[in-house]
Amino acid sequence: MTIKIPKWLILCLVAFFLSSGSRLVNDLFEFSKNLEIFSAVYKEVGDKYVDEVPPGKLVKTAITAMLSSLDPYTVFFSEYQAEEALIERQGEYGGVGCRVIYRDKFPVISEIIEGYAFDKADIRIGDIITQVGQVNNLQSTENANQEFIFEQFRGAPESQFTVVVKRGSESLTKNIVRTNVKTKSVPYAGMISNNIGYIKLDEFGQQCSNEIEIELKKLQNSHELKGLVLDLRNNGGGLLNEAVNIVGLFVGENKLVVSLKGKNQEGPKKWITSSPAVAPNLPLVVLVNKNSASASEVVSGSLQDMDRAVIVGQTSFGKGLVQNYSTLPYRTQMKITTARYYTPSGRCIQKLQYDDKDEFGKASVKSNEQKKIFKTKNGRIVYDAGGIDPDVFLPLFDGAQLIQWLEKEFFIFDWSNKYTQSHAEYLKNPELIQANFNSFQTDFEQFISTKGPKIMQKNWQNYLKKQGADTFWTQQMGLYTIDEKKLSAFLSNGLLSNKSQIASQLQLAIFKRCFKAEKYFYNSLKIDNEIGHCVEILNAPERIKMILKQ
């Protein structure tokens, strides 16, 4: 097999260097030399390697390896992935309205969007998809499955297909009529006390600022609103212009929100609000956590720099990099980091320094001594290179890591599916959930008593192998194995000491399967301690003044 470098690739790359001006002309020889070397290696592998090598797979591996040396946000999209990325950005598509995860290599429904095809067909969270159309071999390869599943789920509105799902011991065949799905960035807005409003923003999708404006005006018109909680927890970001527009709702027009700096930055370098404020004087709390990133940090960081809001929660993720999409041949694309962004005080909150990696390829993190000091409008000290530090820090409770592990290993997800399937009365009368609150813990403990210690032991073995501990001494000393009884005792003690917090998580999981979206959020906010802290702050105007003037 002879592999040739496509002429369009060579021409495009040469054109890029020539069009970049004299600054890069001196690099042209180095570029040409390495391209020639790559071409020779590529040809040799194609001609002489012992096994047949798919040329497309080889190049994709090379592209992935090249981009992974930069940062995790600069990525290549195949034709199919490019279409998926476009749909994701637009927030509107023909489909079924669901999200799936993989359990034992089978796709399992993890979320149902109310009012769309799967919801109308009574497909539920926890249903295992065993057949799509005439294809029932869904356990072959997970990655191939994902593309196949998405291809089947997406399609023209009113087009139809069938799925077979396993629910407990039942096998159910469902006829699905695809609909036009428009995802909402604001899944819930409402009142959390007599005069405190709440808006949850899941992502910075198209028109999300309009969604927030509409919900904010509804709250203002229907209540004597004295404060608002904007919940950005677990919001990984999205469109920068929407973040700027959201800030404008609270600060008004002609306010600098963010500045962009990059080697070849195109487009506006300063993003300034352009519309009058909807709530210029409304006391505001922005709730963040370690998964609040990118556009979430633009909103929280700029409002903090302007001393317009009290930031509450945990230190945010720390993503201060901006990406743009570039069109490539054959309908492929790449997302590429083009700039760093800076909040109004001048700080870049990027935490991981991808231009400074160790010998293992791990990005460095600046120490506290290396971080630069900046000041907010009122002179409060803030720091760069570490995400957004909240004005009011809410520490995670002692058992947070245990609960994160339970969720990561899908114990809570699997248990709640099994529990609701065996307690059908909850679906008919969700109010029974509260009455049976205390029984959840016992049932959950029994559920994980056998599987939990085995998963813990496997995690420990995998950790040692990743650390390069697969040695003769490790094996001989038995470090790969831990007494299962000890692991069982450790897990039992953890469950006991965090009984109430785990029970709350179990209750939320049951809520999600039994309530429609609005009622789920309404009930879940009642048992959310962080929301309670936000309400306390908003009910204490003098405390807000003190925080923002420190």
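Let's start inside, with helix α20 (residues 517-526): its buried residues are Tyr520, Phe521, Asn523, Ser524 and Leu525. Buried here means under 20% relative accessible area, exposed means over 50%, and partly exposed is what falls in between (1.4 Å probe, protein chains only). The cover over those α20 residues includes β9 (188-191), β10 (196-200), α19 (499-514) and α21 (529-538), with a contact being heavy atoms within 4.5 Å.

A word on what you're looking at: this is a predicted model, where local features need pLDDT of at least 70, side-chain atom pairs count only at pLDDT 80 or more, and totals for chains, interfaces and linings use all residues. Residues are numbered from 1 along each chain as its sequence is written, and side-chain values use heavy atoms, with hydrogens and water left out.

Zooming out, the protein has 22 helices and 22 strands; these are DSSP runs numbered from the N terminus, helices being H or I with at least four residues and strands E with at least two. Of the 550 residues, 44% are buried. Among contacts with a separation of 6 or more, 67% join residues 24 or more positions apart.

Some salt bridges show such links across the sequence. One pairs Asp119 with Lys516 at 3.3 Å, N to O. Asp119 sits in helix α6 (residues 117-120) and Lys516 in the loop between α19 and α20, so this pair ties together parts 397 residues apart in sequence. Asp119 is partly exposed at 22% relative accessibility, and Lys516 is partly exposed at 48%.

Now take Arg347 and Asp305, whose closest N and O atoms are 2.8 Å apart in their salt bridge. Arg347 lies in the loop between β17 (333-342) and β18, while Asp305 belongs to helix α10 (residues 295-305), so parts 42 residues apart in sequence are tied together. Arg347 is buried, at 1% relative accessibility, and Asp305 is buried too, at 4%. Elsewhere, Lys200, Asp231, Arg233, Asp528 and Glu530 are linked in a network of salt bridges.

The protein exposes about 29900 Å², with carbon and sulfur atoms supplying 53% of it; areas come from the Shrake-Rupley method with a 1.4 Å probe. Ile373, Ile381 and Tyr383 make a nonpolar surface patch of about 290 Å². Patch residues have over 30% relative accessible area and no salt bridge, with nonpolar side chains (Val, Leu, Ile, Met, Phe, Trp, Tyr) joined within 5 Å and like charges within 9 Å. Ile381 is in strand β21 (residues 381-383).

Conventions:
Salt bridge = Lys/Arg side-chain N within 4 Å of Asp/Glu carboxyl O.
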